[in-house]
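Let us read this structure together, one feature at a time.

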Amino acid sequence: KPGEQKHSKEPSSLQCMHLAVVACGDRLEETLIMLKSAVLFSNRRLCFHIFAEDSLKPEFEKKLKEWPSSYTKKFEYNIYPITFSVGNAQEWKKLFKPCAAQRLFLPVILKDVDSLLYVDTDVLFLRPIDDIWHTLKEFNSTQLAAMAPEHEIPKIGWYSRFARHPYYGTTGVNSGVMLMNLTRIRNTQFKNSMIPSGLTWEEMLYPLYQKYKNYITWGDQDLLNIIFYFNPECLYVFPCQWNYRPDHCMYGSNCKGAEEEGVSILHGNRGVYHDDKQPTFKALYEVIRDFPFEDNLFQSLYYPLQSKFLDTVHTLCGRIPQVFLKQIEKTMKKVYENRVIVYLGANHRY
């Protein structure tokens, strides 16, 4: 109508790509480097949901405030205490790595968030989160979460050889990178092995843990595998380049998607960023950690990475540096192209 004011701007929570992480113990630095990798390359605004022990909260706030304003304006964040809505909190806290079971409760706690990407602290983004966020639109009508396989080859996969509980597919799934439509999770009745009728996500968690706790090795990841074993139609499966771990190269290269497209998300599980077992993974972590925010990406990130990779060619993962460099190079080129377009637009009147 004439004179009517239009409010086309969405609330920031809808504009945001939501990223959740759980940090306890000595995971402060790892978490900050993961968040840094997310901010360096992403295009749309980010909303960080950081679940942390009380002692870590002031450290997170202090470190994030030290980042330059050109980057802090790209995200907002909330820090939450570790809480479990059902069952014994101490049991959940000790289930696997400290506090890792918190991820199971994200649909219950973040009631106002429609969708989010959960990642472990030992994850690094080598391309914009925007690209994995688009996968939400690829979900069919029954899918409500996405994860990558635990392994590509059943005969050397952990679940196919050792699991004493049900698991998804032929090799199980890895929960270190998990895209979730929380609204669908909250509204779904899940099939289960406990009662004939369905249970909500929150109703199911503690009884499921009680039933299988003597059989699970990998904690909350095993519980997720059990849930999606009984509800396979609910899971969308990512290709391996979205959750690339040492297992994908230390036995010879077995992630075809990474060979073709490059690694999209690096997952340095088993502490490989902090020891010398997988120097290629450690090199990527250290270069992103040491990158000064305002510096030139090619000069202060890409070239040091190439140089460090030369020292890793004696390892199986180090023999395929292009797998690790392909996406990061592509992403950096896009960043520069965008900056050039913005610069030209600001300096030319047509």
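**Reading cores, strands and domains**

Q: Which residues touch the most other members of the largest nonpolar core?
A: A nonpolar core is a set of buried Ala, Val, Leu, Ile, Met, Phe, Trp, Tyr and Cys residues joined through side-chain atoms within 4.5 Å, where buried means under 20% relative accessible area, exposed over 50% and partly exposed in between, with a 1.4 Å probe and protein chains only. Here the largest such core has 74 residues, and those touching the most other members are L19, F125, Y244, L266, F324 and I328. Helix α2 (residues 28–41) gives the most to this core, namely nine residues; helices (H or I, at least four residues) and strands (E, at least two) are DSSP runs, numbered from the N terminus. Because domain 1 (17–238) and domain 2 (241–345) both contribute residues, this core lies between them. Apart from it lies another core, made of 43 residues, among them A20, M178, L205 and L223.

Q: What should I know about the model and its numbering before going on?
A: This is a predicted model, in which local features need pLDDT of at least 70 and side-chain atom pairs count only at pLDDT 80 or more, while totals for chains, interfaces and linings use all residues. Residues are numbered from 1 along each chain as its sequence is written, and side-chain values use heavy atoms, with hydrogens and water left out.

Q: Which residues does F324 touch?
A: Contact means heavy atoms within 4.5 Å. Not counting residues up to four places away in sequence, F324 touches L126, Y244, C249, V263, L266, T280, F281, L284, F309 and C317.

Q: Where are the domain bounds, and how many residues does each domain bring to the contact?
A: Domain bounds come from an automatic or database domain assignment, and for this protein chain the assignment gives domain 1 (17–238) and domain 2 (241–345). Taken over C-alpha atoms, the centres of domain 1 and domain 2 are separated by 23 Å, and the contact takes 33 residues from domain 1 and 34 residues from domain 2. Buried area is the accessible area (1.4 Å probe) that two parts lose on being put together, summed over both; between these two domains it is about 3,100 Å², with carbon and sulfur atoms giving 63%. On the domain 1 side, L124, L126 and R127 lose the most area to domain 2, together 24% of what that side buries.

Q: Which strands pair with β2, and in what sense do they run?
A: Two strands pair if DSSP finds at least two bridges between them. Strand β1 (residues 17–23) runs parallel to β2 and is joined to it by seven bridges, with L19 standing opposite F48. On pairing with strand β3 (residues 75–80), β2 again runs in the parallel sense, over six bridges, and there the bridge partner of F48 is Y77.

Q: Is strand β2 mostly covered or mostly exposed, and which way do its residues point?
A: Strand β2 (residues 46–52) is mostly covered, since seven of its seven residues are buried. L46, F48, I50 and A52 point one way, whereas C47, H49 and F51 point the other way, and all are buried.

Q: What handedness does the β-α-β unit of β1, α2 and β2 have?
A: A crossover is right-handed if, with the strands pointing away from the viewer, the path from the first strand over the helix to the second runs clockwise. The unit made by β1, α2 and β2 is right-handed.

Q: Is T31 buried or exposed, and what does T31 touch?
A: T31 has its place in helix α2, and because its relative accessibility is 0%, T31 counts as buried. Leaving out residues up to four places away in sequence, T31 touches V21, A23, F60 and T121.

Q: Which strands pair with β7, and in what sense?
A: Strand β6 (residues 145–149) pairs with strand β7 (residues 173–181) in the antiparallel sense over four bridges, where A148 stands opposite N174 and P149 opposite V173. Strand β4 (residues 115–119) and β7 are also antiparallel, over five bridges, and L116 stands opposite M180. In β7, nine of nine residues are buried.
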